[in-house]
Amino acid sequence: MTVFARSDTSILGRWWWTVDRWTLTAVGALIAFGIIMALAASPAVAERIGLDYFYFARRQLIYLPIALALLVGASLLSPRGVFRVATITLVIFAVMVLATFVFGTEIKGARRWIALGPMSVQPSEFLKPAFAVVAAWLFASARTGALKHGNLMSIGAYGVIVGLLLLQPDVGMAVVISSVWACQFFLAGLPLFWAAGLAIGGVAAFVLAYFTLSHVASRVDRFLDPSSGDSYQVDRSLEAFMNGGLFGRGPGEGTVKQVLPDAHSDFVFAVAGEEFGLFVCLIIVALFGFVVLRGFAKALQETDLFILLATSGLVVQFGLQAVINMGSTLRLMPTKGMTLPFVSYGGSSLIAMGLCIGFLLALTRRRVGTEAAR
Amino acid sequence: MTGKRQAPPEKIRIEGDRKTAIEMGRNRLMVAGALFTAAFTVIGIRVIDVSVFSENTEPRYTRSIAKDEKHNGRADIVDRNGVLMATSLSTASLFANPRLVLDPEQAALKLATALPDIDVKVIEKKLRSNRGFVWLKRHLTPRQQYAVNRLGIPALNFQREARRMYPMGSLAAHALGFTDIDNKGLTGIERYFDKELRTRQDNMALSIDVRVQHVLEHELGVAMKKFSAIGAAGLVMDVTTGEVVAMSSLPSFDPNQPNAIAQDLRFNRTTLGVYEMGSTFKIFTTAMALDAGTVSLHGGYDATNPIRVARFTIRDFHAKKRWLSVPEIFMYSSNIGTVKMALDVGIPGHRNFLTTIGMMKPVAIELSETGSPLSPNRWREINSMTISFGHGLAVSPLHLVAGVSAMVNGGIYRTPTLIRRNPSETPVGKRVITAETSAKMRRLMRLVVKNGTGRNAAAPGYLVGGKTGTAEKVSGRGYKKKALISSFVAAFPMHKPRYVVLAMLDEAKGTKETFGYATGGWVAAPVVGAVVRRIAPVLGMRPIKETDPVRETLSIEISGKSARERRVATH
């Protein structure tokens with residue numbers, strides 16, 4: 001803890017003493033666990049699809065420093081800097097999402113990836129934190145009168161981005177962005193009548209998706225009635241928790257990772273349950289819960305609406321992804337391919353998460369007065 | 001907040017507005033926080049629920065994984081009720097690339113620690129060869145494979161292979177047959193349907209019922225041991241469909257050990273072996289004569305004196321030395337009377353009849369091991385005379401059972417099959433005698449068990465009827481007096497037959513209980529009786545009460561002396 005002297009006034013020194021070290025510690029623990037899981041879960045998957053044993057683990061360890069650098073770098077920003085970086089990020093990656101329609105590589109029926117030198121990037125991942133910040137600024141500006149049509153601009157930007165995502169198609173990403181945006185709108189003081197309308201609209205969109213998108217329908221059907229179709233993956237996932245019991249079978253001793261196609265990403269929590277057991281799983285749940293609630297607590301103390309909205313938007317995004325991932329692994333909701341922040345394999349997801357938490361830490365840093373955003 | 005209503009100066013209003021906005025944001029943030037708290041709590045509870053309170057049962061997916069690997073290049077064989085009789089399992093076979101072996105001697109010695117049954121010298125020689133591929137041992141068990149892997153010898157590798165397994169062991173081994181190490185069918189159904197089994201996706205269902213098969217093999221085995229016979233054969237056939245429900249040839253073998261099967265054990269006595277059947281053939285002679293109308297049930301023949309033809313003398317075993325009615329000829333198994341019946345029908349008629357009921361060519365059952373009957377090159381009177389009581393024509397036990405089925409089922413001959421037939425697909429068959437003649441034969445066969453030589457085959461409630469047969473075995477140019485083929489062929493329930501059962505013992509020796517006799521009535525009839533008593537309940541048949549209508553359909557009037565005088569008078 002005494003890396004930096006209290007009197008150190010260098011950038012990093014000030015950063016250390018003003019940043020929310022509790023959140024930083026919790027996120028650090030999740031990252032450390034993510035490294036362990038990359039080593040535990042991914043070799044089985046790599047071997048099965050004929051890649052080098054540690055292919056995924058090695059790639060994950062290459063992405064990690066980038067993500068960490070982004071995290072620390074972003075957390076050094078001032079709130080205004082966060083807004084600027086987020087705006088630039090949003091524009092760049094929205095253009096890249098557009099580019100996927102032309103240059104994108106098609107994987108499993110969707111064009112989500114764009115090749116960038118040796119690695120491929122999923123630009124939509126970066127839209128999530130960037131849009132949360134930009135939307136927060138638009139709502140806050142509208143509310144404080146700084147921007148006359150802030151709400152309309154926010155609605156417009158939301159429409160464009162969700163439209164792009166649905167064209168890919170990436171329904172999961174669209175759902176997360178919509179939820180975060182709706183939540184921010186609600187926090188920004190949306191009249192309850194309209195909030196109800198928004199909720200009904202959400203339900204309607206879900207019903208529409210059920211009836212128009214066959215894979216959504218089949219997933220919901222299988223969740224409601226497991227005997228109606230193949231519930232193989234989630235059954236194996238539950239079996240993993242059963243096998244794990246209280247203390248788990250031990251690192252590397254799991255069996256579901258041999259059969260689950262997404263053991264290293266969507267079902268990484270099940271692998272954790274089998275190999276490390278109940279207590280470690282509860283610690284992970286607690287870590288996610290801690291980061292989310294700590295973020296909300298920080299937002300509560302905030303006197304600046306932009307910071308409040310942006311902080312909660314980022315926290316909701318982080319928490320929602322964790323809840324959806326763990327919830328579908330535990331058969332609490334229909335399966336939805338969603339990465340578990342910092343734990344699942346996935347370069348774009350990891351780096352984007354680094355940006356997200358970097359923004360969060362930047363916004364929740366202790367600062368003198370509340371003028372920072374102005 | 002009250003300032004809002006009083007329309008304060010611009011700057012303060014904005015300041016107040018900002019405060020309300022923050023206030024509202026904070027309040028609503030509490031809602032979001034509460035929702036997330038609830039969500040994470042539910043997830044935590046669910047993890048505990050799934051990890052600790054779920055029933056830790058066996059993995060649910062072993063079966064579905066096995067399903068993908070099920071078809072190992074050869075379809076399963078099941079019995080008529082779907083019980084598994086032959087299947088293929090994945091195994092690993094050990095091979096080596098000798099060019100990569102560093103120290104053949106060391107490698108062979110190490111291998112012997114994991115596979116004690118290998119010959120170290122042979123393995124070492126194989127490893128020294130200059131080839132790129134040698135088999136070291138086929139079909140290792142998973143434990144053996146693990147042990148070999150643990151040795152860490154380079155240049156060794158495993159090839160996944162399928163191995164044919166017969167979970168019932170030696171049960172119905174002759175019908176099923178077995179495959180060689182490359183899963184090629186060598187005998188039985190495995191050979192006959194080799195190609196089909198390789199390609200078909202679903203199971204192949206046999207007509208065999210393993211429960212009946214087990215009873216038949218058990219009872220035959222007991223009798224074989226008791227009477228020190230060198231072999232035994234047995235069949236159970238459904239007379240309404242032609243399906244063979246059980247087929248047993250003893251001694252048998254374990255098809256799971258193809259290398260250990262001696263050549264003579266493979267011999268299927270029921271289909272490949274041809275024997276002079278003896279008196280059971282009198283069923284055909286009598287049916288033929290009744291059907292031709294040359295004699296009626298009330299008619300009869302004089303059996304006082306043996307018949308002398310050329311250098312043979314045909315005499316009766318249970319000689320009555322008087323005129324015998326047809327039921328008596330059948331009941332006492334009179335050779336003299338039967339010969340006279342055949343001669344009245346005539347040689348061409350006799351020969352044609354036996355051809356019609358399939359006694360002149362191999363049975364067209366789904367086996368490669370079918371024996372050709374041994375019939376006389378030139379059919380003279382003497383041949384007809386001896387064949388009438390079952391000598392001079394050698395057929396397989398399956399020939400006999402198929403023929404007897406046609407005699408008792410109303411007169412329809414159906415080719416026997418080992419494949420399960422849907423009731424709707426039962427072949428029409430071929431009429432060989434009239435329904436009336438068949439009804440008469442049922443009465444005659446029932447009489448044999450009630451009052452004649454087959455009393456040992458009785459099974460209370462199941463109305464067994466049959467015919468004994470005892471034949472001396474051919475030895476060189478003559479017959480061996482002490483080497484007998486003792487058999488009993490029966491049907492039940494006799495008022496409406498459903499199954500024909502045959503038991504045959506090869507070179508049975510008499511015991512104290514049988515007073516030294518090794519004839520069909522003494523050694524084979526009890527087997528049939530025991531088999532019927534055990535299989536009838538298994539096949540879902542209720543014991544039949546001998547009510548008046550039943551008794552009526554099976555009763556027979558034995559014409560006495562007065563009838564003889566009447567007959568003599570009319571002639």
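Predicted model: local features only at pLDDT ≥ 70, side-chain atom pairs only at ≥ 80, totals over all residues.
Leaving aside neighbours within four places in sequence, A:S141 touches A:A146 and A:L147. Is A:S141 buried or exposed? Its relative accessibility is 6%, and because buried means under 20%, A:S141 counts as buried. Now look for A:L305 in the model. A:S141 and A:L305 are separated by 164 residues in sequence, yet their C-alpha atoms are 8.7 Å apart in space.

Let us step back and take in chain A as a whole. It has 13 helices and three strands. Of its 374 residues, 55% are buried. Consider the contacts in chain A with a separation of 6 or more: 71% of them are between residues 24 or more positions apart.

With the helices of chain A in view, follow a pair of them. Helix α4 of chain A spans residues 79–103, and helix α13 of chain A spans residues 347–363. Their axes come within 9 Å and cross at roughly 155 degrees. Angles over 145 degrees count as roughly antiparallel, so α4(A) and α13(A) are roughly antiparallel to each other. The crossing in which α4(A) passes α13(A) is left-handed. Which residues of α4(A) and α13(A) meet? From α4(A) come A:P79, A:V82, A:V85, A:A86 and A:T89, and from α13(A) come A:L355, A:F359, A:A362 and A:L363. Sorted by class, this contact of α4(A) with α13(A) has eight nonpolar residues, one polar residue and no charged residues. As you look at the numbers in that list, keep a general point in mind. An α-helix has 3.6 residues a turn, so residues three or four places apart point the same way.

Another pair in chain A is worth a visit. Helix α7 of chain A runs over residues 171–187 and helix α8 of chain A over residues 192–212. The axes of α7(A) and α8(A) come within 10 Å and cross at roughly 170 degrees. By the cut-off of 145 degrees, α7(A) and α8(A) are therefore roughly antiparallel to each other. On the α7(A) side, the contact is made by A:W181, A:A182, A:F185 and A:F186, while α8(A) brings A:L192, A:A195 and A:L198. By class, the contact of α7(A) with α8(A) has seven nonpolar residues, with no polar and no charged ones.

Now turn to chain B. How many helices and strands does chain B have? Its secondary structure comes to 20 helices and 18 strands. Chain B has 571 residues, and 52% of them count as buried. Its accessible surface is about 27,100 Å², of which 53% belongs to carbon and sulfur atoms.

The buried residues are B:N383, B:S384, B:M385, B:T386, B:I387 and B:S388. What covers these residues of α14(B)? The cover includes the helices α10 (282–292), α12 (335–345) and α13 (347–356) of chain B, along with the strands β10 (307–309) and β11 (312–314) of chain B. After α14(B) comes B:G390, whose phi is positive, near 90 degrees.

Conventions: Residues numbered from 1 in each chain as written. Chains lettered and ligands numbered in written order. Heavy atoms only, no water. Axes fitted to C-alpha atoms, helices over the stretch in contact; angles between N-to-C directions. Helix = DSSP H or I, 4+ residues; strand = E, 2+ residues; numbered from the N terminus. Parallel < 35°, antiparallel > 145°, perpendicular 65-115°, else oblique. Left-handed = near helix turned anticlockwise from the far one by under 90°. Contact = heavy atoms within 4.5 Å. Nonpolar A, V, L, I, M, F, W, Y, C, P; charged D, E, K, R; others polar. Buried < 20%, exposed > 50% of the residue type's maximum accessible area, 1.4 Å probe, protein only. Areas by Shrake-Rupley, 256 points an atom, 1.4 Å probe, with all protein chains shown as cover.
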